[in-house]
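Subject: Structure handover

Hello,

Here is the structure for you to open. My notes on it follow below.

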Amino acid sequence: MHPILSHHAKTRGQHKWKIDVNYSLEYEKSYKSGNRTVTNAVHPVFTYGVLDTLDFIVDAPVEYKEHSGKKDYGGIDDMMLASQWTCVKNERFNIALYPKVKLSTGNYSSGDGEGLVTFGGMVLLSAECAPI
């Protein structure tokens, strides 16, 4: 889970890379039972430019959960592999395709991970605008 979604249609460039680290804190409380769950998650995301118009992306999240004050589980959650291909690139705008697959690497029995492989994707559009 990413708290803020911010993608753009530009790629890194050939042989260029970056590492982003996202952190999220979730707090859930059941008012019927009084149980609470606190989840801390760190998402290191590695992006590598295979070509000028093609990036490869790996997101390997690590989570730590606490149920009603008891340390419960810490470990890797479902990993995501993605690529981003900028298919239209000019001075004013860029269009990119962003297919992704989420692998079942998390511990499904303890509530981390979906227990199955999922596929998805996005079409990204970025436009350069003149200053107002």
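**What I found**

Thr37 is buried, because its relative accessible area is 17% (buried is under 20%, exposed over 50%, partly exposed in between, with a 1.4 Å probe and protein chains only). Thr37 sits in strand E2, residues 36–51. Leaving out residues up to four places away in sequence, Thr37 touches Glu26, Tyr27, Glu28, Glu66 and His67. Contact here means heavy atoms within 4.5 Å.

Before you go further, note that this is a predicted model, where local features need pLDDT of at least 70, side-chain atom pairs count only at pLDDT 80 or more, and totals for chains, interfaces and linings use all residues. Residues are numbered from 1 along each chain as its sequence is written, and side-chain values use heavy atoms, with hydrogens and water left out.

**Confidence**

The mean pLDDT is 82, and 86% of the residues reach 70 or more. pLDDT is the predictor's confidence in each residue, from 0 to 100. Among the elements, strand E3 (residues 54–59) has the highest mean, 93. Strand E5 (residues 70–76) has the lowest, 72.

**Overall build**

The protein has eight strands and zero helices. Both are DSSP runs numbered from the N terminus: helices are H or I with at least four residues, strands E with at least two. Of the 132 residues, 27% count as buried. Take the contacts with a separation of 6 or more: 49% of them join residues 24 or more positions apart. The protein exposes about 8,800 Å², and carbon and sulfur atoms supply 59% of that. Accessible areas come from the Shrake-Rupley method with a 1.4 Å probe; for residues, only the protein chains shown count as cover.

**The core**

Which residues form the largest nonpolar core? There are eight: Ala9, Val45, Ile57, Met80, Ala82, Ala96, Tyr98 and Leu124. Strands E6 (79–89) and E7 (93–103) are the elements that give two or more residues to this core. A nonpolar core is a set of buried Ala, Val, Leu, Ile, Met, Phe, Trp, Tyr and Cys residues joined through side-chain atoms within 4.5 Å. Beyond its neighbours within four places in sequence, Ala9 is in contact with Gln84, Thr86, Asn94, Ile95, Ala96, Leu124, Leu125 and Ser126.

**The E6–E7 loop**

Glu91 lies in the loop between E6 and E7. Glu91 counts as exposed because its relative accessibility is 76%.

Best regards
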